[in-house]
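Subject: Handover of a structure and the findings

Dear colleague,

Please find the structure below, together with its sequence.

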Amino acid sequence: MKITYANRKVEKYFTDFSKLKKKLPMDWVRTIKKHLDRLEAAETFGDFLLLNLGHPEQLSGYKKPRYSLHITPNVRFILELDAKKETVKLCTELEVEGVSDYHGGKENWYIR
């Protein structure tokens, strides 16, 4: 699958894990790296969903389909798919939005 990034700041962190290690705890970085490797290896987002790794959850209230993957019980890796709701499983391109803690009624972005 093709992976793009929401902006240069997000790309800077997610393409250079030494910078990401300075920003986030090491266990989070390891989990993010695993998610990215699995997403890149999948041909479509549907293939990735079949693995059910990272407990993918669709987020509501956005124009394009957005999914979160667990990094910790409260911290999520946020992805936006280049697809419509009915073509999510066929999607071959996604955009990394960042890392967020969205529990407790607020979004607390660690990287955005």
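A residue is called buried when its relative accessible area is under 20%, exposed when it is over 50%, and partly exposed in between (1.4 Å probe, protein chains only). This is a predicted model, in which local features need pLDDT of at least 70 and side-chain atom pairs count only at pLDDT 80 or more, while totals for chains, interfaces and linings use all residues. Residues are numbered from 1 along each chain as its sequence is written, and side-chain values use heavy atoms, with hydrogens and water left out.

The salt bridges come first. A salt bridge is a side-chain nitrogen of Lys or Arg within 4 Å of a carboxyl oxygen of Asp or Glu, and the structure holds five of them. Helices (H or I, at least four residues) and strands (E, at least two) are DSSP runs, numbered from the N terminus.

One of the salt bridges joins Arg66 to Glu97, with 3.2 Å from N to O. This pair links distant parts of the chain, since Arg66 lies in strand β3 and Glu97 in strand β5, 31 residues apart. Glu97 counts as buried, at 8% relative accessibility. Arg66 also forms a salt bridge with Glu80, where the closest N and O atoms are 3.2 Å apart. Glu80 belongs to strand β4 and is 14 residues from Arg66. Arg66 is buried, with a relative accessible area of 8%, and Glu80 is buried as well, at 17%. Through shared partners, the salt bridges join Arg66, Glu80 and Glu97 into one network.

Another salt bridge pairs Lys64 with Asp82, the closest N and O atoms being 3.6 Å apart. Lys64 is in the loop between β2 (57-59) and β3, and Asp82 is in the loop between β4 and β5. Both are partly exposed: Lys64 has a relative accessible area of 36% and Asp82 one of 45%.

The nonpolar core is the next topic. Such a core is a set of buried Ala, Val, Leu, Ile, Met, Phe, Trp, Tyr and Cys residues joined through side-chain atoms within 4.5 Å. The largest one has 31 residues, and Phe14, Ile32, Leu39, Phe45, Phe77, Leu94 and Val96 touch the most other members. Among the elements that each supply at least two residues are α1 (8-15), α3 (26-41) and β5 (93-101). Helix α3 gives the most, with five residues.

Leaving aside neighbours within four places in sequence, Phe77 is in contact (heavy atoms within 4.5 Å) with residues including Phe14, Ile32, Leu39 and Val96.

Yours sincerely,
A colleague
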